[in-house]
Amino acid sequence: MDKTIWDISPVRDYTLTLQYDVPRNYQVKFDVYTQNPLEEGEGGQVTLRNIRPVDAGYTDENGYYSERITDIQSTIKELYIYTDAPGVPRLLVAKVNGNTLSPATLPEENTETKSPVMRAADDYKTAIYNQFVDGFTPCRLGYWVNGNGYYGRPDYLLADQVTVSDKVLKTIRKRLPEGKTPADIKEILVEGDIHVTKDARIKVYLIDEFTAANSVMGYYTYPTDKRPATRDDVAGSTVVLFPNAKVRGSGAGGYGAVKRGEGIQLHYFEDGVDKGEVFPTGVSVGWVIYNNGYKNAVGSNRKVTDSGNGKDVPSTFYSTPELNGGKKQVALFRIDQFVVLGMEDWKKDKDYNDVVFHITADPVDGITDKIPEVTPEDTPLVPLTVNPQGTLAFEDLWPRQGDFDLNDVVVKYKSEITYNENNEVTRTEDYFELLWSGATIHDAFCYQLNARRTDVDITFSGEAAAGAYVDPELDLATVRLFNDALLQTANNTKTTSVTVTTVFRKPYPKSQFRQAPYNPFITTSSKSKEVHLTNYPPTLLADPGYFGTEDDRSIYGQGTYYITFTGNGIQMPYALHIPADPDPEKDIPFVIPRESKRIDVFYPKFLNWVTSSGEQDGDWYLSPIDHPANSAPEGE
């Protein structure tokens, strides 16, 4: 009989590795989710879903990160790494391969509604997605391609790409934060038109975008001394710049067309005629965005439109305030001679970062007469928090098998773990609620940190705080909370709770830290008789004489702990950790098994999960077939 021992648990640990392509001294803050956290809101706006991240971190100054991530649900097949830092991909995906996690990369392109790839080398120029709807007749610099993972990719992109410094990216992060309008926005919320004071050649490079919309980005010209009063005044001079101002692989909905840093040489058009690269002194260049104008050309292989959200919804916005009813849609500033323009593509969030690009001119001072100059600055690297949640269930008759109902002590936990910018733990706040004690033994609930007792300060609050303490006999910080579960639940007529606040005297490395619920355990008939999760080590107060006796198959001192087998050779645990779903709408409370009802009977999928070494039915705990311990079956 093959009795392969595995870490029987609905959760797994991995090493998360990612590398952003960033300039030196640019740390990236990110959150990790078990499902795509982004969704498209009104007008193609990117919104974060109401789900909890399972981890968070900062890269080093070179954009690199590699740390352990613990207690991930075993049903999860990929992790999503989200950041709102400018200059890097919004979303990366790391895939689960057995017991390992792949390095984080760009998400795969959505294949459900891809446009047909061009059939011949020049076919794309006559394709329908290179045409405009009736009534929309902008000038054009060239054509664009749908295919090979790109949608609306211009064939007139420059060969060179712009390199954006860390000080520029940090200033964009400070001045144009995602999802909010900073207090000092008025300084840079100006007329966004560029005034040519010397004959100049102008280029535009896309730095980033923070939108799900597939928007058409264009520019227009007018004599500086003759400002346009209506949209018709610039219709004849409008030129398509980016038919789809979307970065490929952004993960925020939509379909990408370009890479960050790619650019275009502008041409001066007069009465619809291309006059070449030189913009003459005395003209001004404005910017226009047609929100989601390229959306139909992507999904249905249809014409490009100036009304991607419908004719009844205002979806075109200009840098000239008069053309927006006086409203400013552009944030414009420069750091030395590096010009940054951020454009708002909708009307609600006003973060002015939906499309962010760099404008350059030759000569440099030919366009910078009225552009506000700002001092490079950055937002502080704030502490990060993650909030693991779940339920713990224990069988107290170890080292005997007992009835395997795993309801002798049931505890729910909610935690907040704080990390600093170096990914070190500085503080934890843990809420534990004792839900049930289906036992005749007066069990106690405890947990152990892998930090020394002298390295932390621990305090207690809440109803059960009076009986909680840190064990003075152990070097590792060991917290004893509910010292008599039967008494403290008043024979299961109530629940009780305690909050534990732990402050680390020196920041503790994340690589050495296991997040909540840490190493949880119960003590049963004596303090030296401990029951932990499978393969979690006992404390130094545990009596080694119990291990490997009766039904227990632990190998003390060799990492195999708290495991047994049924007569059919099926592995069984003495304790379980049931994680909460990060989506509160999908989080179903763990149903406590009825007294003496084996967990593999109460949960029919449990056996298949165990016998498949966790590869199948990882969500077994969502499908009980019996009444919970704290209710009676119908008829009783």
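1. I would begin with a single pair of residues in this predicted model: Ala444 stands opposite Thr523, which belongs to strand β36. The two strands concerned are β31, covering residues 444-452, and β36, covering residues 519-523, and they run antiparallel and are joined by 5 bridges.

2. That pairing belongs to an open sheet of 5 strands, in which the order is β33-β34-β31-β36-β37 and the pairing is antiparallel. At its edges are β33 (469-470) and β37 (530-532), each of which pairs on one side only.

3. Another open sheet, with 5 strands in the order β5-β2-β7-β8-β9, also has antiparallel pairing. Here β5 (55-58) and β9 (100-101) stand at the edges, and because each has a single partner strand, one side of each is left without a neighbour in the sheet.

4. Within the sheet of point 3, strand β2 (residues 29-33) pairs with strand β7 (residues 78-82) over 3 bridges, in the antiparallel sense.

5. My remaining point concerns a loop residue, Asn407, which is found between β28 (389-394) and β29 (409-419). Is Asn407 buried or exposed? Its relative accessible area is 0%, and since buried means under 20%, Asn407 counts as buried. The side chain of Asn407 is also joined to that of Glu595 by a polar contact of 3.4 Å.

Conventions:
Residues numbered from 1 in each chain as written. Predicted model: local features only at pLDDT ≥ 70, side-chain atom pairs only at ≥ 80, totals over all residues. Heavy atoms only, no water. Pairing = 2+ DSSP bridges. Helix = DSSP H or I, 4+ residues; strand = E, 2+ residues; numbered from the N terminus. Buried < 20%, exposed > 50% of the residue type's maximum accessible area, 1.4 Å probe, protein only. Polar contact = N/O pair within 3.5 Å; in protein donor to acceptor, adjacent residues only side chain to side chain.
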